[in-house]
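The following paragraphs go through the chains of this model, the contacts between them and a few local details. Please look at the structure before reading on.

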Amino acid sequence: MIVAEQKPLGEIKGLLGEARKVLIVGCGTCVTVCFAGGEREASVLGSLLRMSSRLDGAPTTVTDVTVQRQCEWEYLDAIRERVADADVVLSLGCGVGVQALAEHYPEPVVVPGLNTKFMGLPLEQGVWAERCAACGECMLGLTGGICPIARCSKQLLNGPCGGSSHGKCEINPEIDCAWQLIYDKLQAQGRLNLIMEIIPAKDWRTSRDGGPRTIVREDLKLPKPATAEA
Amino acid sequence: MSEPDGYKSGSNLERALRSGAFAVTAELGPPKNADAEVVRQKAALLTGWVDAANITDNQTAIVRMSSIGAGVLTLQAGLEPVMQMTCRDRNRLGMQSDLLGAYALGLRNILCLTGDHQTFGNHPQSKNVHDLDSVQLVQMVVGLRDERRFQCGEEIKGVHPQFFVGAAENPFGDPFEWRPLRLGKKARAGADFIQTQMIYNVPKFREFMRRVVDLGIHQQTYILAGVGPLKTPGAAKYMRDQVPGMDVPDEIVERMEAAGRGIEEKQARSAAWRAEGIRICIDLIHQMQEIEGVAGVHIMAIEWEEAVKTIVEGAGLPPRPRVVDLVTST
Amino acid sequence: MVTSDIRSQSPEQLGDLELNILAFCCHYCAYAAADLAGSLRLQYPPSVRVVKLPCAGKLDVLLVLGALEHGADGVMVAGCLEGDCHYQHGNLNAKRRVGYVQALLTEIGLEPERVRMFNMSSAMGQRWAEAVTAMDEQIRALGPSPLRRPADELQAEGR
């Protein structure tokens, strides 16, 4: 899932500027399960902003609404009136949600309330870790299900580097050395041969380095209704 | 430019290793500024005592004069450089472009490294390149030389770079059992020589080399064991406790401590420590000479290039054979 | 309804400022203790209004924020003694949330001391009285909440 966290309150207030009517838009999918931008978080933030603005001597009307998924036009359609009524829309969606809002409603000022961090999973409640870097060409079959692009600090394909120590990465002892994990896994499975071979240089075109990406599935696209003659 | 008669690059280091003599390399750290004179002074300290000197590449991710720039100055000063290139700062275009330029300027040896992560250095905010890893870099440089092709497969028309290609290995990094096998990968990628990280734990290194010899890797590539003189017991302890992948046995720390005991005067104590540090280094070199598969030593006297002469003399290694007139341009 | 017989403390001890403190009490311990305090005719300040929860763990951060936003001078959260929660660790969840709210209040510039958690067993009527007294003193020292709203404004909103 996409994992994000809320920006500091001070930064959010700065982004809202002189706005007198703020609409917070939460999202019911990824940011709900990482407790950053769901319905509850939107309500809490609304209350905090109302109280804060009153304490600052400039009371602001802050309301909130949460849509099931902020990145889909159909769900955004439903909040048209609410958006029209606001000076600034504070999106608690991930970076995709913020942009979808801004694209679907080009007139209002849309600002982000979250910092979108990574694609990852909850290791336990309250702890999320990065797992996928969306490189566009998944090689997990070669590395025992552990990704060296997302989990190796240097994105090595023939690791580890000389800094791997006691299974931890040289840059931070909290980070597991991905190549230690890969080695242990393949060793246990008797499949070390997979990394005995030199993995060649990666074609980064499929990742973000190749430019912003699009996927088109012709089999899924709906036929456009025939336009009437003018 | 003619073929370097049977040699891959014709460099001094290559010839020295091929001759079967116990080779000696050292490190020259470029300055954190644009002062060519600093490089010349350091080169002067090493000339005649080593077969070649490594010119580090933004070591510990701290910006310094480029390895190629300092390498050319070193060459002009009469000392053969081993340029270093990390994967941290350049993509494959920048790397190949630099390699063409370096060769055109007369550089002939290269050490391919992953590179310390930028969080260690003075520009932690920078973007992390790592387009290639060190194994793929070795493959690429070897490909430029042997297949005369760029990494993309395109043929190089005209003069193509023929480097003597090296890689690094940390024998004590984790996972320990995987290290000799990973070294094998570098040998298969075409690495002509290997320089290891500093070794203080000789028994453990012997164990590593035994496995390397079992795998026959010592016959595919020349292995130079890394050694370095300690300046203070504090430095020894720091390496033992704070540097990932370094193995410094307590006896070494104790030797350093003992050397300074009873000496009150600061300068005299410091001199005593340094003398012991050099003695330990010489001892290590003697032990390295006895280990099968070790073709030479790589002396890392960081910001203490003066010590190299003392160490090389003390170890009975000079004079360094002047094997070939250094090439200054193609 | 709390069957406590609330009597005011003498004016010279506490001043005549009327405080608005909300107390979220768990059914099994805190509410029972408050009830017992009433039966025992214990005296304590009248500034607290009790809201019963089945368990302190039912406390939502929004309940506390909502209370403060609407002008409560302070919010008490009272649950079972740690280790004795009727629902295992509802009181520990409440403790975490109270801590979280205190941090949020600090961020917006409202005194975190306006929110406080207490633990007691159902037999501790005296403890309830002490808790309310302590809370009243604490809030009195801080003064009325800067977020208090004039009565006519609240009336206009139908509150």
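Two residues are in contact if their C-beta atoms, placed from the backbone, lie within 7 Å. The model is a predicted one, and this cut-off applies to the contacts described below.

The contact between chains A and C takes 10 residues from chain A and 13 residues from chain C. On the chain A side, helix H3 (residues 39–55) gives the most, with 9 residues. Sorted by class, the side of chain A that touches chain C holds 5 nonpolar, 3 polar and 2 charged residues.

There are 2 pairs of chains in contact, and chains A and B are the pair that shares the most contacts. Here 24 residues of chain A meet 25 residues of chain B. Helices H5 and H6 (179–189) of chain B each supply at least two residues to the side of chain B that touches chain A. H6(B) has the largest share of that side, 4 residues. The class composition of the side of chain B that touches chain A is 8 nonpolar, 11 polar and 6 charged residues. Chains B and C, by contrast, are joined by no contact, and their closest C-alpha atoms lie 28 Å apart.

Next, the chains themselves. Chain A has 9 helices and 9 strands. Its radius of gyration is 22 Å, well over the 17 Å that the globule rule gives for 230 residues, so chain A is more spread out than a compact globule. Along the principal axes, the C-alpha atoms of chain A fill a box of roughly 65 × 60 × 25 Å. Chain A is divided into domain 1 (2–118) and domain 2 (135–210), and the C-alpha centres of these two domains lie 37 Å apart. Of its 230 residues, 40% count as buried. Among the contacts in chain A with a separation of 6 or more, 55% are between residues 24 or more positions apart.

Chain B has 11 helices and 8 strands. A compact globule of 330 residues would have a radius of gyration near 20 Å, and the 19 Å of chain B agrees with this. The box filled by the C-alpha atoms of chain B, taken along the principal axes, is roughly 65 × 45 × 45 Å. In chain B, 52% of the 330 residues are buried. Of the contacts in chain B between residues at least 6 apart in sequence, 80% join residues at least 24 apart.

How are the strands of chain B arranged, and in which order? In chain B, 8 strands close into a barrel with parallel pairing, in the order S1-S2-S3-S4-S5-S6-S7-S8. On average, neighbouring strands of this sheet are turned by 30° against each other, direction ignored. In general, strands of a sheet pair through backbone hydrogen bonds, either parallel or antiparallel. B:Ala225 has B:Val297 in S8(B) as its bridge partner.

Helix H5 (residues 134–147) of chain B lies across S3, strand S4 (109–113) and strand S5 (164–169) of chain B, and runs at about 155° to S4(B). Helix H3 (residues 67–76) of chain B lies across strand S1 (23–28), strand S2 (52–55) and strand S3 (81–86) of chain B, and runs at about 180° to S3(B).

Is H3(B) mostly covered or mostly uncovered? It is mostly covered, with 8 of its 10 residues buried. Among the buried residues of H3(B) are B:Ile68, B:Val72, B:Leu73 and B:Leu75. The partners against which the buried residues of H3(B) pack are S1, helix H2 (36–46), S2, S3 and helix H4 (92–104) of chain B. After H3(B) comes B:Gly78, whose phi is positive, near 100°.

C:Glu82 lies in the loop between strand S3 (74–79) and helix H4 (90–108) of chain C. Why does C:Glu82 count as exposed? A residue is exposed if 12 or fewer other C-beta atoms lie within 10 Å of its own, and C:Glu82 counts as exposed because it has 11 such neighbours. Leaving aside neighbours within four places in sequence, C:Glu82 is in contact with C:Asn91, C:Leu92 and C:Asn119. C:His27 is 55 residues from C:Glu82 in sequence and 15 Å from C:Glu82 in space, C-alpha to C-alpha.

Key
Residues are numbered from 1 along each chain as its sequence is written. Chains are lettered from A and ligands numbered from 1 in the order in which they are written. This is a predicted model: local features need pLDDT of at least 70, side-chain atom pairs count only at pLDDT 80 or more; totals for chains, interfaces and linings use all residues. The radius of gyration is taken over C-alpha atoms; the globule rule is 2.2 Å times the number of residues to the power 0.38. A residue is buried if 20 or more other C-beta atoms lie within 10 Å of its own, exposed if 12 or fewer, and partly exposed in between; C-beta atoms are placed from the backbone. Two strands pair if DSSP finds at least two bridges between them. Axes are lines fitted to C-alpha atoms, for helices over the stretch in contact, and angles run from 0 to 180 degrees between N-to-C directions. Ala, Val, Leu, Ile, Met, Phe, Trp, Tyr, Cys and Pro count as nonpolar, Asp, Glu, Lys and Arg as charged, and the others, Gly among them, as polar. Domain bounds come from an automatic or database domain assignment.
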